[in-house]
Amino acid sequence: MQQDPERLERMSGMLKRRGIILPAFEIHGGAKGLYDFGPVGGRLRNRVNQTWIDHWLALGNIVELSCPTVTPYAVLEASGHVGEFSDFMTVCTKCEEASRADTLLESFHANPDALSQSELQHLLFDSNPPCPNCNEQAWSEVTAQNLMFNTTIGAGSSGRPGFLRPETAQGMFTSFPALLRHNRDRLPFGAIQVGKGYRNEISPRQGMIRLREFNMAELEYFFNPHEDQQHDFDSWSEVELSLVPDEGDETRMTIQSALDASIVRHETVAYFMVQTYDFLVKVGIDPKRLRFRQHEADEMAHYASDCWDAEILGSYGWIECVGIAHRGCFDLESHEKATGKTLRARREFSEPKVIEIDGWTMNGATAGPAFRALAGAVKQSVESLAADATFPCMVTLENGEKVEVLSEHVKRVQRTETISGEWYIPHVVEPAFGIDRIIWHVLDHAYDDTAKDGDAYTVLRLSDDVAPVNYCVFPLFEKEGMGELARTLHKKLSATSGVVSIYDSSGSIGRRYARADEIGVPRCLTVDHQSVKDQTVTVRDRDTGEQHRVHIDDLI
RNA sequence: GCGAGCGUAGUGUAGUGGUUAUCACCCCACGUUGCCAACGUGGGAACCCGGGUUCGAGUCCCGGCGCUCGCACCA
């Protein structure tokens, strides 16, 4: 699985030493699955997030949201997370040992993993297996041990249960009415959100790959499934993607060919695949170590109907870093069912539908008193009669009972209805990005520790879009005015919005370049004797080592 | 969660129950050096946490926490 563990160790050491990624709360012994982005990493994370936001806002019909991480129980119950994200636990009342209910019941059921909480409860009480710890047969009620972090919203008896969100998506679904209004009822549009998500993983592993608190960035793209989405793939006509379809082997082809061959089944999914490709390459992922893998039907999450992961090859093998899921109407429909609120958009038919209604309905004023409790059923039956029915007549009700309906009980209905459109539940394609995993691979792909002049030398070849430090300012020596000029330049750069500069006067110039290279500073500015005379500095490029002189005023 | 291995300066490491805890890189100051990890002098910095055994524990034992790997779990 691991490729070159020694390189991984060197890199992890560097990331820690230089303040990019380090274990959180380390002086207290650390905490599994929690990491700090340090003084360099914090800025890196921010720039990746900002690049991500800018990438999607550029589409023109995307809005940015920020929803709470603390989420009421009901929201995640409606979304399916309470049910799907749980392990069901029971506790031995004699020895207090907790066990997974489905594991205890393995010899009593073919697939206990698939049972609901109440089914597990019944089966547990019926079969009453012995405790693996103390052999007693005295189990507590089955409780959901959720992989979400529990919390209580509010104090004391007024507190109600909630969770830290396992994904940012639900807030965007529950905000759908506001989103639709903001877009003046026109689809398609998208909502994006970057933020923290939480999953109380049983066993966090592989450093940044599986975390308990993680940075995610999700886009929910809402569209009308009755319309072609008309995505323009011309910009990607030359881009060959590596695709691993659910059937067959990995292939390389353009997104248009994949659509034509029905390997990618949905245009909007395809569109976000290529957009995702562009984003990942922009932040520095090596396109040769990027592929898209289609989910098998049985590994699809509970909400998805087609799903492609962007997988990136790094020190831990191929790791899924982005999931692009066609979620259909699942989420909006779930929240609709749970709340009774309308989460729909209106569409007009190209041709209004004209419906001729010719038949009968009940005359409530007479039939109501006549049939009393049966009136509802009578109405239903009368409205199903043909237009040429005559009265009085015997009508068979839903429950099998027959009643006689007189002409005074009914009214003729004849009208023409024009239906110009309908309310429908939009469909959603969701690209969900694991920012930490992406940052890990950005670092992994940028980390270059091959030799320079025979000695080990480390360069972080980060893209300009995400490099955490833009400039290092070096006075050749801190004398003859060079130190003062360099400090002035450093302050001027630092005061510029979006620019981070480091001042470094310690050690030889070569050592300072090396320090800058290690954290991926794209350009170093050196102040020398000539600078004091004519206000020019040398700009040294990280990747080529080339230098040229630039006037200070032309730098920003 | 189970099993195995591991935990020493910022990083990588040495360390036979008794050392001022080794070495290198590193970091800081001063000097020197006039553009790619130079040099000199001086300085800085560590035994994961808590118990136990012992006259004495970095070293042995127990527990916790953390890391790595395998199994399990997991989008």
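## Reading a predicted model, feature by feature

Q: Let's start with accessibility. At 54% relative accessibility, does Phe 25 count as buried or exposed?

A: Phe 25 counts as exposed, because its relative accessibility is 54% and the exposed class begins over 50%. Please keep in mind that this is a predicted model.

Q: What should I notice about the backbone of Phe 25?

A: Check phi. Phe 25 is not a glycine, yet its phi is positive, at about 55°. Gln 230 can be read in the same way: its phi is near 55°, again a positive value in a residue other than glycine.

Q: Where is Gln 230 found, then?

A: Gln 230 is in the loop between strand 11 and strand 12 (241-244). With 68% relative accessibility, Gln 230 counts as exposed.

Q: While we are on the backbone, what is the geometry of the peptide bond from Leu 187 to Pro 188?

A: Omega is the angle to read here. It lies near 0°, and the bond from Leu 187 to Pro 188 is cis. You will find Pro 188 in the loop between helix 8 (176-182) and strand 10 (189-198).

Q: Is the crossing of helix 1 and helix 14 left-handed or right-handed?

A: Helix 1 and helix 14 cross in a right-handed way.

Q: Which residues of helix 1 and helix 14 meet?

A: Helix 1 brings Arg 7, Leu 8, Met 11, Ser 12 and Leu 15, and helix 14 brings Trp 440, Leu 443 and Asp 444. Sorted by class, this contact of helix 1 with helix 14 has 5 nonpolar, 1 polar and 2 charged residues.

Q: How do the axes of helix 2 and helix 14 cross, and what is the angle?

A: Helix 2 (residues 41-57) has an axis that comes within 11 Å of the axis of helix 14, and the two cross at roughly 110°. Helix 2 is therefore roughly perpendicular to helix 14. The crossing of helix 2 with helix 14 is right-handed.

Q: Which residues make the contact of helix 2 with helix 14?

A: On helix 2 they are Leu 44, Arg 45, Val 48 and Asn 49; on helix 14 they are Ile 435, Ile 439 and Leu 443. The contact of helix 2 with helix 14 divides into 5 nonpolar, 1 polar and 1 charged residue.

Q: On to rings. How many aromatic pairs does the structure hold?

A: There are 17 aromatic pairs. For each one, read the distance between ring centres and the angle between ring planes. Tyr 221 and Phe 272, for example, are 5.0 Å centre to centre with 65° between the planes, an edge-to-face pair.

Q: Where do Tyr 221 and Phe 272 sit?

A: Tyr 221 belongs to strand 11 (residues 213-223) and Phe 272 to helix 10 (residues 267-282); they are 51 residues apart, so the pair links distant parts of the chain. Both Tyr 221 and Phe 272 are buried.

Q: Why is the pair of Phe 279 and Phe 433 edge-to-face?

A: Because the planes of Phe 279 and Phe 433 stand at 90°, with the ring centres 5.6 Å apart; edge-to-face needs an angle over 60 degrees. Phe 279 in helix 10 and Phe 433 in strand 21 (residues 427-434) are 154 residues apart, and their pair links distant parts of the chain. Phe 279 and Phe 433 are both buried.

Q: Which residues form one aromatic cluster?

A: The members are Trp 52, Trp 56, Tyr 221, Phe 233, Trp 236, Tyr 271, Phe 272, Phe 279 and Phe 433.

Q: Back to accessibility for a last exercise. Is Ser 463 buried or exposed?

A: Ser 463 counts as buried, at 17% relative accessibility, because the buried class lies under 20%. Ser 463 is in the loop between strand 25 (459-460) and strand 26 (471-475). Leaving aside residues up to four places away in sequence, Ser 463 touches Lys 282, Val 283 and Gly 284.

Key. Residues numbered from 1 in each chain as written. Chains lettered and ligands numbered in written order. Predicted model: local features only at pLDDT ≥ 70, side-chain atom pairs only at ≥ 80, totals over all residues. Heavy atoms only, no water. Helix = DSSP H or I, 4+ residues; strand = E, 2+ residues; numbered from the N terminus. Buried < 20%, exposed > 50% of the residue type's maximum accessible area, 1.4 Å probe, protein only. Contact = heavy atoms within 4.5 Å. Left-handed = near helix turned anticlockwise from the far one by under 90°. Nonpolar A, V, L, I, M, F, W, Y, C, P; charged D, E, K, R; others polar. Phe/Tyr/Trp six-rings, centres within 6.5 Å; stacked < 30°, edge-to-face > 60°. Axes fitted to C-alpha atoms, helices over the stretch in contact; angles between N-to-C directions. Parallel < 35°, antiparallel > 145°, perpendicular 65-115°, else oblique.
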